Amino acid sequence: MQDAHTWFVVGLDNGGNKNNATVLDGTGRFHVNQLLETPSRVLEGPDAAVQALAETFDTILELVGASRDVVRAVGLDTPGPASADGVISSQGSTNFAHAGWRSFDFRGAVEARLGLPVVYNNDGNAAALYAHHQLFGRDSARRSSIAAIVGTGLGGGVIVEGKVVKGAAGFAGELGHVHIPMEGLLGPDQPVPRCNCGFSGDAESVASLTAIEKNLLPYWLGRFPDHDLARAGSVKEAAKLVRDYGERGDALARHPCDPRHEEQRGEEGAPFGNRGGAERRYRDAQEEILQRPHGGQREPPCGVVPGQRYTRFMVSAG
Ligand SMILES: [Zn+2]
């Protein structure tokens with residue numbers, strides 16, 4: 001058995017526009033602490049994209065000064081929809097629109113191209129797995145967690161005793177398209193938020209960059225036309241600014257994420273009105289999560305993926 005410091009695993013993150021990569025050694029230590037973005041060429045179809053990933057693989061090894069014969073395996077993640085084993089949906093998707101992607105075995109193709117074992121997860125599950133290991137470290141294999149990954153959409157992942165629960169079709173952790181009760185959550189005359197998937201009132205329709213742009217800001221800026229965000233140029237631009245405003249404590253920007261803020265402003269003029277019971281239930285649920293043992297951590301951890309400005313993990317763990 002080789003010393004754990006002398007062998008490596010490469011992580012390849014495939015996105016609609018960019019690839020990213022990282023390298024870990026056998027002890028689990030990351031050897032890359034920066035984003036290495038290269039074009040993913042996904043729009044050109046599978047051949048170009050597999051070639052682009054092979055180049056990303058070579059580039060990251062060059063960066064850390066490791067040769068490919070010390071690499072034991074590769075972890076690959078892509079956006080969905082794909083099967084649990086990395087076969088892209090026969091229907092295609094936003095990211096995999098090129099006809100060549102339909103039913104394409106992406107994992108198998110990368111494995112054949114690199115000549116190394118390739119383990120596949122969709123990007124939501126990969127992010128959840130990362131968050132799980134960051135949270136539990138050496139305890140990861142004995143603990144379980146659920147992660148919501150808030151970005152353009154709302155992804156998710158379920159980890160049970162250190163292993164990703166993929167489900168038969170690979171969709172087990174998809175939290176974004178689960179319906180949530182809207183009762184008490186909407187302002188006066190606010191339309192029920194619609195999701196790109198066709199549902200009304202699912203989690204992604206209220207908790208994603210797309211939700212802020214399509215559902216929340218159009219309504220709230222209509223009610224508060226003097227707010228700074230109304231001068232952002234477009235709703236799309238304003239949506240991207242909401243998080244920064246929220247972090248600075250802006251009441252309108254914080255409301256979609258944190259109903260607890262309501263109390264601090266009182267009921268008068270509160271952008272979300274009085275949400276009564278729903279707000280209280282949310283608060284009780286938050287308190288309940290906070291009181292669970294977290295290995296000494298008081299707050300549920302929240303991590304930001306470098307370079308993915310609108311991506312944030314929220315992990316509920318037990
Ligand atoms: Zn949906």
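1. Basis of the note. The structure is a predicted model, in which local features require pLDDT of at least 70, side-chain atom pairs count only at pLDDT 80 or more, and totals for chains, interfaces and linings use all residues. Residue numbers start from 1 along each chain as its sequence is written.

2. Overall content. The chain contains 8 helices and 9 strands; these are DSSP runs numbered from the N terminus, with helices being H or I of at least four residues and strands E of at least two. Of its 318 residues, 33% count as buried, a residue being buried if 20 or more other C-beta atoms lie within 10 Å of its own, exposed if 12 or fewer, and partly exposed in between, with C-beta atoms placed from the backbone. Among contacts with a separation of 6 or more, 49% join residues 24 or more positions apart; a contact requires C-beta atoms, placed from the backbone, within 7 Å.

3. Helix α3. This helix spans residues 123-136, and its 14 residues reach 20 Å from first C-alpha to last, close to the 20 Å expected at 1.5 Å a residue (the expected span is 1.5 Å times one less than the number of residues). Because 12 of the 14 residues are buried, α3 is largely enclosed by the rest of the structure. The buried residues include D123, N125, H132 and F136. In reply to the opening question, G137 follows α3 and has a positive phi, near 55 degrees.

4. Packing of α1 and α2. Helix α1 (residues 46-64) packs against helix α2 (residues 106-114) at about 50 degrees, with axes 10 Å apart; axes are lines fitted to C-alpha atoms over the stretch in contact, and angles run from 0 to 180 degrees between N-to-C directions. The two helices are therefore oblique to each other, given that angles under 35 degrees count as roughly parallel, over 145 as roughly antiparallel, 65 to 115 as roughly perpendicular and the rest as oblique. On the α1 side, P46, V50, L53, A54 and F57 meet A109, V110, R113 and L114 of α2. By class, this contact has 8 nonpolar, no polar and 1 charged residues (nonpolar: Ala, Val, Leu, Ile, Met, Phe, Trp, Tyr, Cys and Pro; charged: Asp, Glu, Lys and Arg; polar: the others, Gly among them).

5. Surroundings of V10. V10 lies in strand β1 (residues 8-14) and is buried, with 26 other C-beta atoms within 10 Å. Beyond its neighbours within four places in sequence, V10 contacts A21, V23, F57, I60, V71 and V74. V74 is 64 residues from V10 in sequence, yet their C-alpha atoms are 4.8 Å apart.

Terms used:
Two residues are in contact if their C-beta atoms, placed from the backbone, lie within 7 Å.
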